[in-house]
Each structure stands twice: as structure tokens, then as C-alpha cells.
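Subject: Structure handover

Hi,

Here is the structure we talked about passing on. Please open it alongside this message.

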Amino acid sequence: MQQTISAPAVLVVDDDEAIREMLAAVLTRDGLSVTTAADGVEAVAVFAAQRHAVVLMDVRMPRMTGLQALAEIRKLDRSTAVILMTAFAEVGSAVQAIKDGAFDYVIKPFDIAEILLQVGRALQMRRMRDDIATLHRELSSSYHTGRILTASPRMGELLQTIAKVAKSNATVLVTGESGTGKELVAAAIHYNSPRNAGPFVKVNCAAVPEGLLESEFFGHEKGAFTGAQARRRGRFEQAGHGTLFLDEIGDISPGLQVKLLRVLQEREFERVGGTELVRTDVRVIVATNRNLEEMVRQGLFRQDLYFRLNVVTLRTVPLRERPEDVRLLASHFLQRFAAENRIEVSGIDEQAMERLLAYHWPGNIRELSNAMERAVVMSTGAMIVAEDLPEQIAGFAEDGVPGGGSDIVPPVAGGGGLREQVSRFEARVVAEALARNDGNRMRTARELGISRRSLLYKLQEYGIS
């Protein structure tokens, strides 16, 4: 049966004609465009002529198996989601196929609702990847080096405020926890402002020794101090007609606070060791993860400087308050680090994504970036699995407790190390739950509070029939 292809398109592959026609009818009623093929050889030929968003394919077929066809289809297009249909006895092969790039698998006999759910998930993942690509193109032209990826309504509000603030020349104070992208906010303001043709100059005030920070800001004259062998332009001069971003502004000394206040008010300064007034035309954006109001109350930060900096305040949103972005950013970092390291990784499996979504991210986006870089480097298959993630994330349970719960588990007979004991205890819990539910995997998964596919992984891992 051949139908006109229109997105989203699904290719159904099975040597059983009745199953092909039944699945084609169900998916067509669901608003999808469906093509069918009778075996792996025909499937590869059809796919080569016309790409499909999803391939729903049996594993055991004549001429070419589903696993062989999976490898050929991935050579043609790695972005297509391949869902395998397999018997329970072949689950081990299906799990390996996921590591080799399959999107997921369903067990025969399957429920139609499960088929629709899996195809829907695959199409959602495809749309998400397309959205990421679109965001990359839009942000590259809009923000240049300041790229902000988000699906969070709260971050959306922040972006709207950035667009308004960028048009002005006002001083901006960016607050927020470490790793939340304060520098990206500053870059977005600069590159969407009338000053975008000028330089965007950055200074990390906490990274420059206190004795050198004044020279870093304002420059110095020859002979101003030991080692000053020539005149040097400071960052205020270098940023002329552009934007100067001062990160960790709460770390500067009281004496330098006075001089910074003066240059913000008078738009002029002297180089260290000089008497010549230097005029500056620069927009200043500052950032801190410290509470400047509290520092003012404690006498650690000048109140007049705080008021001068606090013309417009923008607060970045920590990652734990924007869970919508974990999946988006994880996929973005995966693509980035896979390309940088020339490693072929196509996605993140369900268990690994569950761990990422459950984790509380104290290090915010920076920590997520580091975690995905490690996962890409440590991966051995086409999908990132939970074991590829850093230990503190891989072991984080959905209830927010490392290791999966707060109950104290009694020792299991047989001794062994902690990991071995936990595995034996988990195997016993799974086997007992399966027995209580008369072997019904769906009810067992619900009782255990895990997905059906996670249960199948555990049955395979522990050899439970």
C-alpha cells in the first residue's frame, strides 16, 4: 500500500500483511501519513526514495531483519526515529538496538494505545530537534555570541525585558546564581542595542588580583608601577562606543567602588599614574551572585554606587525553576559536544532523561553543560544512558533523594558490596511485585512507580522471566 507522503510521515514495516494494514489504518485515523513495506529490503528502498519522520518496524522478517534495516536507515538519515516491534524473548536485542540508535521498542502483542504513545513521543522528539535547530539559526542572527535557549515562560518574560532594555543606554544590574547565564544576558543586551557595532568587553572582577583591578579598569601610564613599561589602555577605553560587562561586581574593594562611581557619573577617569582626563562613551552592565542590598546594610558596598548601578535589575532564573529547559538544553549540549568530539550520539534514553529531570542542578546551566560533555565522552552507544552521567546525577531518584528513597534497606542475605546488595534487593522487589500482579507487566510497573520500559530493562538485567 502506497500513500502520498506528507509530514509527519510514518513507515510501517512488517511481513504480516494484517498487522501492516491494521497499523496503517490506526495511524492514518490519528492524522498521520503512512507508507508500508513488507520486509527490511523493501523498507530501505522506500526510505531511500522518501524520508520519513518515524519508522515502525518488526524485528524478525525474511530477507533483512529489522536490526539490519535499522543500520541501513541510519546510514541514510540519523534523525529518523526507528521504533522496533519485538517478542519478549528478543528484548535483549531490542535493548542493544536502542544503544545502536533505535528510538524505542514495543513488545508483541502490543496495545494500540502504546503504539500511538510511542509514535507521538518520537514525533515530539523530532519537533523538539527541529525547534532547537530553528532557535540556533534565530539566536545566531539575533544575539550573535549571546545564545539563550529556553522554553520557560519565566525566561520568556526575561527575554521580553531584555528586548526593551537593549534599546536604552541605561546601566543594568544582572543578578542570579552562578551558572545561570548572566553573561549571556549581558551579551544579548549588547548585540540587540544601538551599540552592537562597538566592542563587547568583559571583566571578571573576582578573577583579577585586587592590586591590578584598577589598572584593568582604567589602564596605566608608563612607569606607574614596577613592570609598567608602556602606557596601557584599560577596559573602559577598550569598550568605547560599546558595552563593558563587569562580572562579580560585589567583589571590588571600597576604594575602587569610589572610582567606579565617579566614572559612571562623570564619564571620565585618569589612568593609573596619570593626570590626563580620559573621556569615555560606554554602556556598563554589571552582574553578581551576591546580595548587594545586604552588603550595603553591612557596610561592604557603597549605597550610592548601588543606586547608580541599580537603574534596571534583571534576575536570571535558576535551572531548578525552569524544568522545561532541562530537556531542551541537554539536547543542545549533546549536539554541541558530540560535534566537537566527533562522537556519533543521537539522543538521550528515557532513564537518563528521567535522572536529568529529577536532579536539582545546584550548579545550574554550567553544571548541565559539564554533565552532558562527560556523558558524550563516556558514551559507548548511539544513545546517552544513565550510566554515562556523573554519579551524583545518575544516582538521583525521581523523589529527589539520591539513591532512590529515604527508607533504610536491611542487609540482603549473601553479603557483598553496597552496589551488589542494592542490585539483589531490587531484583527481589521486582520479582515479588511481578508475582503479586500475576506476571502483568503494566500493573507491575504502576505498582513500582516506574515506566513499563524501565521494568522491561530490569527484567532483562536480572534475568526475571
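This is a predicted model: local features need pLDDT of at least 70, side-chain atom pairs count only at pLDDT 80 or more; totals for chains, interfaces and linings use all residues.

Start with the open sheet of five strands ordered β2-β1-β3-β4-β5. Its pairing is parallel. The edges are β2, residues 33–37, and β5, residues 104–108. Each of these two pairs on one side only. From one strand to the next, the twist averages 20°.

Look at β1, residues 9–13, beside β2. The two pair in the parallel sense, over five bridges. For a landmark, find V13: it stands opposite A37 in β2.

**Helices on that sheet**

Two helices to check here. Helix α1 covers residues 17–29 and lies across β1, β2, β3 (54–58), β4 (81–87) and β5. Its direction is at about 170° to β2.

Helix α4, residues 91–99, lies across β4 and β5. It runs at about 165° to β5.

**The α2/α3 pair**

Next, find helix α2 (residues 40–49) and helix α3 (residues 66–76). Their axes come within 9 Å and cross at roughly 10°. Angles under 35 degrees count as roughly parallel, and α2 and α3 are therefore roughly parallel to each other. On the α2 side, the contact is made by G40, V44, F47 and A48. On the α3 side, A69, E72, I73 and L76 make it. Of the residues in this contact, six are nonpolar, one is polar and one is charged.

**The sheet with β6 and β7**

Now move along the chain numbering. Another open sheet of five strands has the order β7-β10-β13-β6-β14. Here, too, the pairing is parallel. The edge strands are β7 (200–204) and β14 (312–315), and each pairs on one side only. Ignoring direction, neighbouring strands of this sheet are turned by 20° against each other on average.

β7 pairs with β10, residues 243–247, in the parallel sense. Five bridges join them. In β10, L246 is the bridge partner of V203.

Helix α6, residues 153–166, packs on this sheet. It touches β6 (172–175), β13 (283–288) and β14. The direction of α6 makes about 155° with that of β14.

Best wishes

Terms used. Residues are numbered from 1 along each chain as its sequence is written. Side-chain values use heavy atoms; hydrogens and water are left out. Two strands pair if DSSP finds at least two bridges between them. Helices (H or I, at least four residues) and strands (E, at least two) are DSSP runs, numbered from the N terminus. Axes are lines fitted to C-alpha atoms, for helices over the stretch in contact, and angles run from 0 to 180 degrees between N-to-C directions. Contact means heavy atoms within 4.5 Å. Angles under 35 degrees count as roughly parallel, over 145 as roughly antiparallel, 65 to 115 as roughly perpendicular and the rest as oblique. Ala, Val, Leu, Ile, Met, Phe, Trp, Tyr, Cys and Pro count as nonpolar, Asp, Glu, Lys and Arg as charged, and the others, Gly among them, as polar.
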